[in-house]
Amino acid sequence: MHGGNVGFEDFLRTTLPFLGFNWTRFRKRMIRRRLAKRMGALALRSWDSYREELLSNPREAAHVHTLLTVSISRFWRNRALFDQLRKFHFPALMNCLGEDEPVVVWSAGAASGQEAFSLSMLYHSLPERIRGGRKLTLVASDIDFHLLRRGQENKWTAGEVREVPCGVAEQFLWIDELGAHLSGVVRTEVLFVCHDLFEPPPLRQAHVVFCRNSVMTYFHGPSREQAMARISQMIPRGGYLILGRKETLPKRWAARWSFFHTGHRIYQKIT
Ligand SMILES: C[S@@+](CC[C@H](N)C(=O)[O-])C[C@H]1O[C@@H](n2cnc3c(N)ncnc32)[C@H](O)[C@@H]1O
């Protein structure tokens, strides 16, 4: 028996905060089904026993991240954000960098890399006079190894690429009966890394960090603060942090970041 609804809610309330999660986000039937299936696979018969397992076994605690969070993503997600980055912020960033200084971009909690590939497209669709001779280093990380592996298969659904602007799609995508595929430099430019956002970042510095719809959505308390503080430290002055549409940095961080009031969560580091 996996217990009734009360048992499940008690399980969420008394377990997830210890793992850093904001438990109120998970009172959903779909999550309950996923966790119950996992308990079945571990031959555990009550929410109490799964709680014990999670709190005593760090490997299971890491695994539960992939069951609790949603992995939906798509190319050019919130298209107006990418349009704005291409028009204003990337050119401004190029202006601040040295002639040959590589541009480093990290998509953290990247699912299968849809966001990172979008950034590669964005970068290569900038006029050459703006890009100069600069190379792009592009890292996509996620805790879920299977999602990362899918990102390397280069087979995307029509829904995943529907927001890519026509001109960009013509340049970097081709479509056949199996789906949409990336072509040219964009196809191989992303470096995939399996990484837990609660561990030290996989890079020393990044000029642009995308951290959308992961840390700020699912987690709370000290673990979230710590993850965001680490990310913030690796962004140099003038660099950007991009959050999801409904996510905001804590107010007390305001002195270090300027926020562009354009409906997108684009923060630029000022000190
Ligand atoms: C909704 S997707 C967001 C994808 C992309 N950033 C976007 O906004 O389209 C959330 C991703 O966060 C990942 N994730 C959840 N917990 C994580 C953790 N502790 N470390 C790294 N990634 C994590 C999930 O595996 C999932 O792929």
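## Strand β6 and V209

V209 sits in strand β6, residues 208-211. Helices (H or I, at least four residues) and strands (E, at least two) are DSSP runs, numbered from the N terminus. This is a predicted model: local features need pLDDT of at least 70, side-chain atom pairs count only at pLDDT 80 or more, and totals for chains, interfaces and linings use all residues. Residues are numbered from 1 along each chain as its sequence is written.

V209 counts as buried because it has 25 C-beta neighbours inside 10 Å. A residue is buried if 20 or more other C-beta atoms lie within 10 Å of its own, exposed if 12 or fewer, and partly exposed in between, with C-beta atoms placed from the backbone. Leaving out residues up to four places away in sequence, V209 touches W106, A108, I231, I235 and L241. Contact here means C-beta atoms, placed from the backbone, within 7 Å. V209 and S107 are 102 residues apart in sequence, yet 5.9 Å apart in space, C-alpha to C-alpha.

## Two loops with positive phi

A111 lies in the loop between β1 (103-108) and α6 (114-124). Its phi is near 55 degrees, a positive value in a residue other than glycine. A111 is buried, with 25 other C-beta atoms within 10 Å.

N213 belongs to the loop between β6 and α11. Phi of N213 is near 55 degrees, also positive in a residue other than glycine. N213 is buried, with 22 other C-beta atoms within 10 Å.

## Helix α12

R224, A227 and M228 are buried in α12. They cover an arc of only 90 degrees around the axis, which puts them on the same side of α12. The arc is that of the directions from the helix axis to the C-beta atoms. The buried residues of α12 pack against α11 (215-218). On the other side of α12, P222, A229 and Q233 are exposed.

## The ligand shell

The ligand is surrounded by 23 residues. The closest are S73, G109, I143, L197 and R212. A residue is near a molecule if its C-beta atom, placed from the backbone, lies within 6 Å of it. The shell divides into eight nonpolar, nine polar and six charged residues. Ala, Val, Leu, Ile, Met, Phe, Trp, Tyr, Cys and Pro count as nonpolar, Asp, Glu, Lys and Arg as charged, and the others, Gly among them, as polar.

Notes. Two residues are in contact if their C-beta atoms, placed from the backbone, lie within 7 Å.
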